Every structure is written in C-alpha cells, then in structure tokens.
Amino acid sequence: MNEFLILMRLDLITKEAQPSPQQLQVYMKQYHDWVEEIVAQRKFIGGKGLSTEGKVIKPNQVIIDGPFVEIKESLAGFISILAEDFEDAVEIAKKCPILGGAGNSVEVRQIVSVHEKG
C-alpha cells in the first residue's frame with residue numbers, strides 16, 4: 001500500500017458560496033459518511049481541516065495575507081489514505097462529497113519521501 005493525500009478545495013471567500021447552517025450539517029454528515037467508508041476499508045490514516053487565515057511567503061521575504069490571494073478556490077483540508085495505486089486513490093477521492101459543489105475540486109497526490117532516515 002502507498003500513502004496518498006486527498007486535498008479538498010472549495011470557495012471559502014465568496015459570501016454567497018457559503019452554506020447555511022442546515023446545509024453545513026448535511027455536508028458534514030456526507031463527509032463523515034465518506035470518511036467512515038474509508039475507515040471501514042482500513043485505508044484511512046488521518047486528516048485535518050485548515051483555517052481560512054494564512055500567510056504566503058514569497059522570495060525576498062515578501063509576505064502576503066491569506067493563502068488564497070489570487071483564486072477563490074482555497075485549500076480547505078486534506079485526508080491521508082492508503083491505496084494500492086493511483087487508480088485506487090482516485091476511486092476513493094471521486095466519492096468525496098465536496099465534489100457536489102460548483103467549482104469545488106479534489107486533488108490526489110502520492111506522498112513520497114524527500115528525506116531519508118539516516
């Protein structure tokens with residue numbers, strides 16, 4: 001099994017794109033059901049949501065407020081999973097409920113080591 005990240009992107013800025021409290025409850029239930037399915041397959045490693053606040057540091061120590069300076073689609077969170085290969089990881093990611101929202105996206109990336117234990 002290989003480790004993959006499923007990165008979830010959605011519009012966290014536009015007021016009109018934000019769900020009502022009732023919609024948010026429905027979305028969170030769908031999300032938890034999806035994660036429970038991954039857990040049941042023994043492929044879930046962990047995950048986190050991200051705040052809407054952040055800083056982007058560019059060359060020459062240029063610091064910009066917000067991780068979503070130029071686009072509305074922001075990285076909202078991620079989960080880490082185990083999968084046989086990219087195809088398996090993509091099949092899991094395709095079931096992510098945030099894909100039901102207009103403009104939302106999910107990115108699948110394999111985790112590879114750039115630091116070897118010495």
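Visitor: Tyr-31 and Trp-34, are they buried or exposed?
Guide: In this predicted model, Tyr-31 is buried, and Trp-34 is buried as well.

Visitor: And where do those two sit?
Guide: Both Tyr-31 and Trp-34 belong to helix α1, where they are three residues apart, about one turn of the helix.

Visitor: What about the accessibility of Phe-4 and of Phe-86?
Guide: Phe-4 is buried, with a relative accessible area of 0%, whereas Phe-86 has a relative accessible area of 38% and is partly exposed. As for Tyr-31 and Trp-34, they form an aromatic pair that is tilted, with 5.9 Å from centre to centre and 55 degrees between the planes.

Visitor: OK, charges now. How many salt bridges?
Guide: The count is six salt bridges. One of them joins the side chains of Arg-9 and Glu-107, at 2.5 Å from N to O. That pair links distant parts of the chain, since Arg-9 is in strand β1 and Glu-107 is in strand β6 (residues 105-110), 98 residues apart.

Visitor: Which residues are linked with Arg-9 in a network?
Guide: Arg-9, Glu-107 and Arg-109 are linked in a network of salt bridges. Arg-9, at 21% relative accessibility, counts as partly exposed, and Glu-107 is partly exposed with a relative accessible area of 21%.

Visitor: Why does 21% not count as buried?
Guide: Because buried means under 20% relative accessible area, Arg-9 at 21% counts as partly exposed.

Visitor: What does Lys-43 pair with?
Guide: Lys-43 forms a salt bridge with Asp-88, and the closest N and O atoms are 2.8 Å apart. Lys-43 lies in the loop between α1 and β2 (44-49) and Asp-88 in helix α2, so this pair ties together parts that are 45 residues apart in sequence.

Visitor: Is that pair buried or exposed?
Guide: Lys-43 is buried, and so is Asp-88, the latter with a relative accessible area of 16%. Not counting residues up to four places away in sequence, Asp-88 touches Lys-43 and Ala-83.

Visitor: What about Lys-29 and Asp-33?
Guide: Their side chains meet in a salt bridge, at 2.8 Å from N to O. Lys-29 and Asp-33 both lie in helix α1, four residues apart, about one turn of the helix. Lys-29 counts as exposed at 52% relative accessibility, while Asp-33 is partly exposed at 37%.

Visitor: Which residues make the nonpolar surface patch?
Guide: Leu-24, Val-26, Tyr-27 and Met-28 make a nonpolar surface patch of about 360 Å². Among them, Leu-24 is placed in helix α1 (residues 21-40) and is partly exposed, with a relative accessible area of 42%.

Visitor: Last one, what is the overall layout?
Guide: The chain has two helices and six strands, and from the N terminus on its elements run β-α-β-β-β-β-α-β. Of the contacts with a separation of 6 or more, 75% are between residues 24 or more positions apart. Buried residues make up 25% of the 118 residues, and the chain exposes about 8,500 Å², of which carbon and sulfur atoms supply 55%.

Terms used. Residues numbered from 1 in each chain as written. Predicted model: local features only at pLDDT ≥ 70, side-chain atom pairs only at ≥ 80, totals over all residues. Heavy atoms only, no water. Patch = residues over 30% accessible without salt bridge, like charges linked within 9 Å, V, L, I, M, F, W, Y side chains within 5 Å. Areas by Shrake-Rupley, 256 points an atom, 1.4 Å probe, with all protein chains shown as cover. Salt bridge = Lys/Arg side-chain N within 4 Å of Asp/Glu carboxyl O. Buried < 20%, exposed > 50% of the residue type's maximum accessible area, 1.4 Å probe, protein only. Contact = heavy atoms within 4.5 Å. Phe/Tyr/Trp six-rings, centres within 6.5 Å; stacked < 30°, edge-to-face > 60°.
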